[in-house]
Amino acid sequence: MSGLQGRRVLLVEDESLVAMLGEDMLLDLGCEVEVAMRLDKAVALARGADLDMAILDVNLGDTCSYPVADALFERGIPFIFATGYGLSGIEPAYNAIPVMQKPYQVAQMERLLRHLLTCKTPPKGNMPSLPCGCSFWAKIVGPHQIRAD
Amino acid sequence: MQTFDTTTTTLPTLRRGSQLYETERRLNAVLNNASVAIFLMDDRQHCVYMNRAAELLTGFSLTEVLTRDCPLHDIVHHTYPDGRPFPLAECAIDRAFPENNQERGEEVFVHKDGHFYPVGFTASPIRDDEARIIGTIIEVRDITEEKAAAERQRLLTNELNHRVKNTLATVQSIAAQTFKGKTDGVARQTFDARMVALSNTHNVLTAENWESASLRSVVEGAVAPHALAEVDTARFDLVGPDTRLHPKVAVTLAMALHELMTNAAKYGALSVPEGRVGVSWTLEPEGSGERLDLVWTETGGPPVAPPTRRGFGSRLIERQLPLEFDGGADLTFAPTGVICRLRIPLTALGWHGQERVTGRVAR
């Protein structure tokens, strides 16, 4: 058991062939997968779908997936970024988010998704505990302050 | 013939405070603070005025230029970059003694210290009261930086093309080494053919600097998979207008067509000598852009039975392609032959949706 069995994961990836690979890896880990390859669809799912976590490809063709990240922040859904560019490819405002390096590797994907499920930040003051320190941090700051533009 | 008074830089006869004096002062302030070099030429192509930026650009002072009393060409444009003398008669700026305002071009000038520098110029005629052309005003910009940037861009594009090709070849080699003796030859052949399909699409994109690809080239590349092969007109009917495809559309469409080709060659119309494939497409208006409606039709092949299992090709065509482009796909295994209908919206970026969400467009 991976501990990821039955988890609902949003996968945002704009290249057809790469999306297939990512989806297969998630299915092999026992996850239920929602694939979005376009920003509008991804944002809609991030706002409304029943999700446990998400994997966001940073570069979506001619745009970026930050609006999806913001929608997930607002709902407190933890997520990781996927990028082939390394940490420097991500806007500084989002640097608390775990990054999965491309090309996709199932072991790295599993480790980071488990981290999202298990990473607990101790409650501070009257702030509630959230599943991951990354999204906990984001919740305090609020989605409007972290948009770099 | 009227010529310009070469003493206009100082106008001693003008009274301080007079309207003409103030106008002159303002004009001098404008000219000498402009960052673009400005030359005023008479009808013999002698320079009768140049501003401070022009002095900095050429290395010559106005006084030096006036003293030489010759066409400006012989001072700043006298030698080709390869060292040959550049006679005035061959000079594009001189020949283009402009009839129209703002004639533009690019040339390479020679600095006073002997080095060459590329410039962009804009030339406009000056007319007298009877509208006769009595001279030229020429604006000149040093475009060394722009030229260097364009060259860097060209080198980067070449490097990108080279790297992409090499990476594909490397992946192919790794696969070959990794699966040697561990998989059957059929799987390896399928893999290699898919790599070639991907590589062919990149060839089309490379030829177009990765900006866009010709739809017809993508279709032809998919049905004539060997780089130099012509489309076999006995077996293929390709009918439709050409258009430009976004690179993402080009790659996914090419891969989808490759899967249809492979299936046709193995089980469909191309598995028998008399079978044919028609690929026809139209461009239909959709929203503010167009939509590509493409139909792949196989005829003359053996009777088709729907596959028992949906593989990579079906998944790519029926699921990924519509998801990627907000389009549609119908793959029908009709008894007479496979029919595949694709609908792909072609927007400016080939990838609409993001504008509606963010208002933030591409980087």
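Biologist: What should I know before I start?

Modeller: Residues are numbered from 1 along each chain as its sequence is written, and chains are lettered from A and ligands numbered from 1 in the order in which they are written. This is a predicted model, where local features need pLDDT of at least 70, side-chain atom pairs count only at pLDDT 80 or more, and totals for chains, interfaces and linings use all residues.

Biologist: What is the mean pLDDT of chain B?

Modeller: First the term: pLDDT is the predictor's confidence in each residue, from 0 to 100. For chain B the mean is 85, with 88% of the residues at 70 or more. Over residues 1–11 of chain B, though, pLDDT is below 50, and that stretch has 13 contacts beyond near neighbours in sequence. A contact means two residues whose C-beta atoms, placed from the backbone, lie within 7 Å. Residues 349–363 of chain B also stay under 50, with 32 contacts beyond four places in sequence. Where pLDDT is low, the predicted coordinates should not be read in detail. For the complex, the predictor gives an ipTM of 0.75 and a pTM of 0.70.

Biologist: Into which domains is chain B divided?

Modeller: Domain bounds come from an automatic or database domain assignment. In chain B that gives domain 1 (19–142), domain 2 (145–180) and domain 3 (183–358). The C-alpha centres of domain 1 and domain 2 of chain B are 44 Å apart.

Biologist: And how many helices and strands are there in chain B?

Modeller: Helices (H or I, at least four residues) and strands (E, at least two) are DSSP runs, numbered from the N terminus. Chain B has 11 helices and 12 strands, while chain A comes to six helices and seven strands. Reading chain A from the N terminus, you get β-α-β-α-β-β-β-α-β-β-α-α-α.

Biologist: What is the order of the strands in the open sheet of chain A?

Modeller: The general idea is that strands of a sheet pair through backbone hydrogen bonds, either parallel or antiparallel. We call two strands paired if DSSP finds at least two bridges between them. In chain A, five strands make an open sheet in the order E2-E1-E3-E6-E7, with parallel pairing. Strands E2 (32–36) and E7 (99–101) of chain A are at the edges with a single partner strand each, so one side of each has no neighbour in the sheet. From one strand to the next, the twist averages 20°.

Biologist: How many of the residues of E6(A) are buried?

Modeller: A residue is buried if 20 or more other C-beta atoms lie within 10 Å of its own, exposed if 12 or fewer, and partly exposed in between, with C-beta atoms placed from the backbone. In E6(A), four of the five residues are buried.

Biologist: Which residues of helix H2 (residues 39–48) of chain A are buried?

Modeller: They are A:Leu39, A:Ala42, A:Val43, A:Leu45 and A:Ala46. Seen down the axis of H2(A), these fall within an arc of 165°, so they line one face of the helix. That arc is taken from the directions from the helix axis to the C-beta atoms.

Biologist: Where is B:Ala131 found, and is it buried or exposed?

Modeller: B:Ala131 lies in the loop between strand E4 (116–127) and strand E5 (133–142) of chain B, and its phi is positive, near 70°. B:Ala131 counts as exposed because it has 8 C-beta neighbours inside 10 Å. B:Asp326 also has a positive phi, about 60°, and is partly exposed, with 17 other C-beta atoms within 10 Å.

Conventions
Axes are lines fitted to C-alpha atoms, for helices over the stretch in contact, and angles run from 0 to 180 degrees between N-to-C directions.
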